Amino acid sequence: MLNIIPIPAFSDNYIWMLQRDNLKQVVLVDPGDEGKVIAFLQQHALQPVAILITHQHYDHTGGVARLVKQYPEIKLFCQNTAVSEKPLSIDLPVADFITHPVVDGDTVDINELDIHFKVMTIPGHTLDHVAYFGEGVLFCGDTIFGCGCGRLFSGTAEQMTASMERLSVLPATTRVYTAHEYTLDNIGFARWVEPDNADLIQRDQEDMAKQEKGIPTVPSLLGTELKTNPFMRYKIPQVKQAAEQYMGHSLHTDAEVFAAIRLWKDKEYD
Ligand SMILES: [Zn+2]
């Protein structure tokens with residue numbers, strides 16, 4: 001069995017740790033804070049064999065240099081952006097540490113844990129963003145959040161909707177491991193967009209109950225995101241209508257609807 005354990009970091013990040021059964025070898029996703037990770041690994045006598053990076057923002061890569069120093073055999077999977085000519089909005093590059101550069105469609109094989117994930121490039125939050133998918137789980141960094149999505153830094157609304165389209169067709173039972181605990185806050189905005197969405201009202205109650213008990217709201221199910229997350233629902237007539245009402249004019253493409261909802265949240269809610 002593949003266990004996926006959150007190591008909380010900063011104020012609201014989750015560093016995901018993957019462990020097969022009770023093996024001592026583990027995999028880390030987006031270790032932004034080495035202190036929290038190393039303390040956890042030492043406490044449980046664990047050996048990290050690989051790091052997966054979704055994108056190179058400091059709260060996802062901040063711990064890499066120290067982890068590589070402490071565990072020199074560790075493999076680092078990351079899209080190699082050193083070759084890119086475009087500005088990527090990456091704030092803590094790890095190009096020097098990449099042992100396994102990944103591109104779209106690659107399979108990440110971590111044989112120690114019998115893990116085989118597919119790499120999907122999903123630009124939008126940043127241009128260098130990738131997701132890792134397999135075994136019914138998705139690590140999507142700052143692309144999908146619980147009932148929300150990451151801001152558009154270097155990517156465009158067109159890229160983000162194209163990325164959302166790719167993620168939307170994964171099985172609805174996929175467990176979505178996002179990198180932040182933002183769900184309740186996001187649900188508040190989602191209810192502005194779709195006040196009558198019964199699934200959303202139900203999610204609000206369920207996730208509030210979880211948070212009151214100190215339980216993370218993530219992972220969520222992809223099917224739940226598709227029913228409640230306004231940033232994945234730009235094709236739904238009510239969502240489009242709400243976006244048009246906010247903008248005061250009609251919108252014609254998925255990207256226009258998405259961009260309007262993003263603007264609405266950035267300007268009026270956050
Ligand atoms: Zn980010």
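**A close look at H6**

Modeller: Let's take H6, whose buried residues pack against H5 and helix H7 (222–228). A caution before we go on: this is a predicted model, where local features need pLDDT of at least 70, side-chain atom pairs count only at pLDDT 80 or more, and totals for chains, interfaces and linings use all residues. Numbering starts from 1 along each chain, as its sequence is written. The helices (H or I, at least four residues) and strands (E, at least two) are DSSP runs, numbered from the N terminus.

H6 covers residues 198–212, so to speak a 15-residue helix, and it reaches 21 Å from its first C-alpha to its last, close to the 21 Å expected at 1.5 Å a residue. That expected span is 1.5 Å times one less than the number of residues. Leu200, Arg203 and Asp207 are its buried residues. Down the axis of H6 they fall within an arc of 55°, so they line one face of the helix; the arc is taken from the directions that run from the helix axis to the C-beta atoms. An α-helix has 3.6 residues a turn, so residues three or four places apart point the same way. On the other side of H6 you get exposed residues: Ala198, Gln205, Glu206, Ala209 and Glu212. Buried here is 20 or more other C-beta atoms within 10 Å of a residue's own, exposed is 12 or fewer, and partly exposed is in between, with C-beta atoms placed from the backbone. Contact is C-beta atoms, also placed from the backbone, within 7 Å. After H6 comes glycine 214, with a positive phi near 80°.

H5 turns up again with H9. H9 (residues 254–269) has 16 residues and reaches 21 Å from first C-alpha to last, close to the 22 Å expected. Its buried residues are Glu256, Val257, Phe258, Ala259, Ala260, Ile261, Arg262 and Lys265. Their cover includes helix H4 (157–168), helix H5 (183–193) and helix H8 (237–247). Leaving out neighbours within four places in sequence, aspartate 254 is in contact with Thr161, Tyr234 and Lys235. Valine 37 sits 217 residues from aspartate 254 in sequence and 39 Å from it in space, C-alpha to C-alpha.

Now for the strands. An open sheet of 6 strands runs E7-E8-E9-E10-E13-E14, with mixed pairing. Its edges are strand E7 (107–110) and strand E14 (220–221), each pairing on one side only. Pairing takes at least two bridges found by DSSP between two strands. Inside this sheet, E10 (residues 137–139) and E13 (residues 175–177) pair in the parallel sense over 3 bridges, and valine 137 stands opposite arginine 175 in E13. In the loop between E6 and E7 lies aspartate 106, which is partly exposed, with 18 C-beta neighbours inside 10 Å.

There's another open sheet of 6 strands, ordered E1-E2-E3-E4-E5-E6 and again mixed in pairing. Strand E1 (2–9) and strand E6 (100–101) are the edges, each pairing on one side only. E1 and E2 are antiparallel over 8 bridges, and leucine 2 stands opposite arginine 20 in E2. Their hairpin has 3 residues between the strands, and phenylalanine 10 in the turn has a positive phi of about 50°. E2 and E3 are also antiparallel, over 4 bridges. In E2, 6 of the 8 residues are buried, so E2 is largely enclosed by the rest of the structure. Further along, E4 (residues 47–52) and E5 (residues 75–78) run parallel, joined by 3 bridges. Helix H1 (residues 34–43) lies across E1, E2, E3 and E4, at about 135° to E1; axes are lines fitted to C-alpha atoms, for helices over the stretch in contact, and angles run from 0 to 180 degrees between N-to-C directions.

Last stop, the core. The largest nonpolar core has 67 residues, and Val27, Ile51, Leu52, Phe77, Ala131 and Phe139 have the most contacts inside it. Such a core is a set of buried Ala, Val, Leu, Ile, Met, Phe, Trp, Tyr and Cys residues joined through C-beta atoms within 7 Å. Not counting residues up to four places away in sequence, phenylalanine 77 touches Ala50, Ile51, Leu52, Ile53, His100, Val102 and Val108.

Note on methods
Contact = placed C-beta atoms within 7 Å.
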